[in-house]
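Follow along in the structure as you read.

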Amino acid sequence: MEPTPAAPPSLLGLSTYLLSLTGKTARGRLAARLGERGLRLWHFAVLAALADFGAQAQRALSDRLGVDPSDITKVVDQLEAAGQVSRARDTADRRRVVVTVTPAGRAALRGLLDEAAAVQDELLAPLGPDERAQLHALLLRVFTAAGDTRGGED
C-alpha cells in the first residue's frame with residue numbers, strides 16, 4: 001500500500017506550495033540548530049548583514065532586514081550583551097546609532113554558516129551536486145525577480 005501524501009495532491013502540483021512547505025521545513029530545522037546555541041534566525045541575519053555590508057545605522061539595519069525597529073533593538077541588545085556587536089552614536093548625526101559586528105560576532109557567524117550548511121546538506125541530500133547548483137540558480141532567479149529581499153518573521 002502506498003503512503004498517503006502529507007498534502008492534497010492538487011496542492012502538490014503547485015510549485016509555490018512546495019516552496020512554502022520546503023521553506024517551512026528548512027526554516028524549522030535551521031531555527032532548531034540555532035536554538036541549540038541560544039540564537040534565533042534574526043541574530044543570524046543581523047550578523048550576516050553587518051559582516052556583508054559593514055557597519056549600519058540601526059534604523060537602516062531594521063529597514064534592510066524588514067524587521068520592526070523595536071524588534072531590531074531587542075536583537076541588537078542581545079547580540080551586544082553577547083559581545084557579538086557594538087553600538088555607538090554616529091559622529092556625523094548623534095541621533096543615529098551605528099551597529100558594528102565584533103570579532104566575536106564574526107566568529108559566531110562562521111559557526112552559524114556551518115550550521116546552515118549542514119541543514120542545507122541534510123535537506124538537499126536527495127539531489128546531486130549539479131542538481132543542487134541548478135536548484136540554487138533557479139531559486140535565486142525567482143527570488144531576484146520577486147524583488148523582496150527581506151526575510152519573514154522569526
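Q: Is Glu122 buried, partly exposed or exposed in this predicted model?
A: Buried means under 20% relative accessible area, and exposed means over 50%. Glu122 has a relative accessibility of 43%. That value lies in between, so Glu122 counts as partly exposed.

Q: Which residue forms a salt bridge with Glu122?
A: The closest N and O atoms of the pair are 2.9 Å apart. Glu122 sits in helix H6, and its partner sits in helix H2, 89 residues apart. The partner is Arg33.

Q: Arg33 and Glu115 meet in a salt bridge; how many residues apart are they?
A: Their side chains meet at 2.7 Å, N to O. Arg33 lies in helix H2 (residues 15-35), while Glu115 lies in helix H6 (residues 103-123). The pair links distant parts of the chain, and the separation is 82 residues.

Q: Is Glu115 buried or exposed?
A: The cut-off for buried is under 20% relative accessible area. Glu115 has 15% relative accessibility, so Glu115 counts as buried.
Arg33, with a relative accessible area of 21%, is partly exposed. The answer for Glu115 is buried.

Q: Which residues are linked with Arg33 in a network of salt bridges?
A: Glu115 forms a salt bridge with Arg33. Glu122 does too. The network links Arg33 with Arg37, Glu115 and Glu122.

Q: Asp71 and Lys74 are separated by about how much of helix H5?
A: These two residues form a salt bridge, with the closest N and O atoms 3.8 Å apart. They are 3 residues apart in helix H5 (residues 69-81), so the separation is about one helical turn.

Methods:
Residues are numbered from 1 along each chain as its sequence is written. This is a predicted model: local features need pLDDT of at least 70, side-chain atom pairs count only at pLDDT 80 or more; totals for chains, interfaces and linings use all residues. Side-chain values use heavy atoms; hydrogens and water are left out. A salt bridge is a side-chain nitrogen of Lys or Arg within 4 Å of a carboxyl oxygen of Asp or Glu. Helices (H or I, at least four residues) and strands (E, at least two) are DSSP runs, numbered from the N terminus. Buried means under 20% relative accessible area, exposed over 50%, partly exposed in between (1.4 Å probe, protein chains only).
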